[in-house]
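Here is a walk through one protein chain, from its overall layout down to a few single residues. Keep the model open and turn it as you read.

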Amino acid sequence: MADHGHSATDIPEMDYPAHEETYRGFIHFAEVGTVACLAIVAALAVGGTKHAWGTALVGTLLTLVGTGVGIASTSIGWRAPAVALVLMLLALILL
């Protein structure tokens, strides 16, 4: 077998709490980012199909603010940009 100059005692122990915290952060970011992307797509649909670009701009700005709040607060999370998503879907239906 090849000798790489390392023994089994050279390998450090895994830091499982740090791995778990990183995973939770990744999942949190993925949830918030997914809802934010959906909200921006809905805002673009409002602008493109209803020609209400002012409403789409307000929806996009609200999405950006909600995304910042959602990323900063783990208790609110994906619900913050979901407000903009719901508003843009309502605008898409009602306009």
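Helices here are DSSP runs of H or I at least four residues long, and they are numbered from the N terminus. With that in hand, reading the chain from the N terminus gives the order α-α-α. So there are three helices and zero strands, which is what the DSSP runs defined above give us. Bear in mind that this is a predicted model.

Now for the chain as a whole. It has 95 residues, and buried ones make up 26% of them. Take the contacts between residues at least 6 apart in sequence: 73% of these join residues that are at least 24 apart. Let's see which parts of the chain meet.

Start with the pair α1 and α2. Helix α1 covers residues 16–50 and helix α2 covers residues 53–72. Their axes come within 8 Å and cross at roughly 175°. Angles over 145 degrees count as roughly antiparallel, so α1 is roughly antiparallel to α2. On the α1 side, the residues that meet α2 include His28, Phe29, Val32, Ala36 and Ala39, along with Ile40, Ala43, Leu44, Val46, Gly47 and Gly48. On the α2 side you'll find Trp53, Thr55, Ala56, Thr60, Thr63, Thr67, Gly70 and Ile71. Sorted by class, this contact has 11 nonpolar residues, eight polar ones and no charged ones.

Next, move on to α2 and α3. The axes of these two helices come within 6 Å and cross at roughly 160°, which means that α2 is roughly antiparallel to α3. From α2, the residues taking part are Thr55, Gly59, Leu62, Thr63, Gly66, Thr67, Val69 and Gly70. They meet Ala80, Pro81, Ala84, Leu87, Met88 and Ala91 in α3. By class, the contact of α2 with α3 has eight nonpolar, six polar and no charged residues.

Leaving aside neighbours within four places in sequence, Thr67 is in contact with Val32, Ala36 and Pro81. Is Thr67 buried or exposed? At 15% relative accessibility, Thr67 counts as buried, because the cut-off for that label is under 20%.

What about the nonpolar residues inside? The largest nonpolar core has 12 residues. Among them are Val35, Ala39, Ala42, Ala43 and Val46, and also Ala82, Ala84, Leu85, Met88 and Ala91. Ala52 and Ala56 belong to this core too. The elements that give two or more residues to the core are α1 and α3, the latter covering 79–94.

Gly47 is found in helix α1, and at 0% relative accessibility it counts as buried. Beyond its neighbours within four places in sequence, Gly47 is in contact with Ala52, Trp53 and Ala56. Gly47 and Gly59 are 12 residues apart along the chain, with 10.0 Å between their C-alpha atoms. Ala52, for its part, touches Val46, Gly47 and Leu95, not counting residues up to four places away in sequence.

Now step to the loop between α1 and α2, where you'll find His51. Its phi is near 55°, a positive value in a residue other than glycine. His51 is exposed, with a relative accessible area of 64%. His51 and Leu95 are 44 residues apart in sequence, yet their C-alpha atoms are 9.4 Å apart in space.

Finally, a look at charge. Side chains of opposite charge can pair when their charged atoms come close. How many salt bridges does the structure hold? It holds one salt bridge, in which the side chains of Arg24 and Glu21 meet at 3.1 Å, N to O. Both residues, Arg24 and Glu21, lie in helix α1, three residues apart, or about one turn of the helix. Arg24 counts as partly exposed at 47% relative accessibility, and Glu21 counts as partly exposed at 48%.

Technical notes
Residues numbered from 1 in each chain as written. Predicted model: local features only at pLDDT ≥ 70, side-chain atom pairs only at ≥ 80, totals over all residues. Heavy atoms only, no water. Axes fitted to C-alpha atoms, helices over the stretch in contact; angles between N-to-C directions. Parallel < 35°, antiparallel > 145°, perpendicular 65-115°, else oblique. Contact = heavy atoms within 4.5 Å. Nonpolar A, V, L, I, M, F, W, Y, C, P; charged D, E, K, R; others polar. Core = buried A, V, L, I, M, F, W, Y, C linked by side-chain atoms within 4.5 Å. Buried < 20%, exposed > 50% of the residue type's maximum accessible area, 1.4 Å probe, protein only. Salt bridge = Lys/Arg side-chain N within 4 Å of Asp/Glu carboxyl O.
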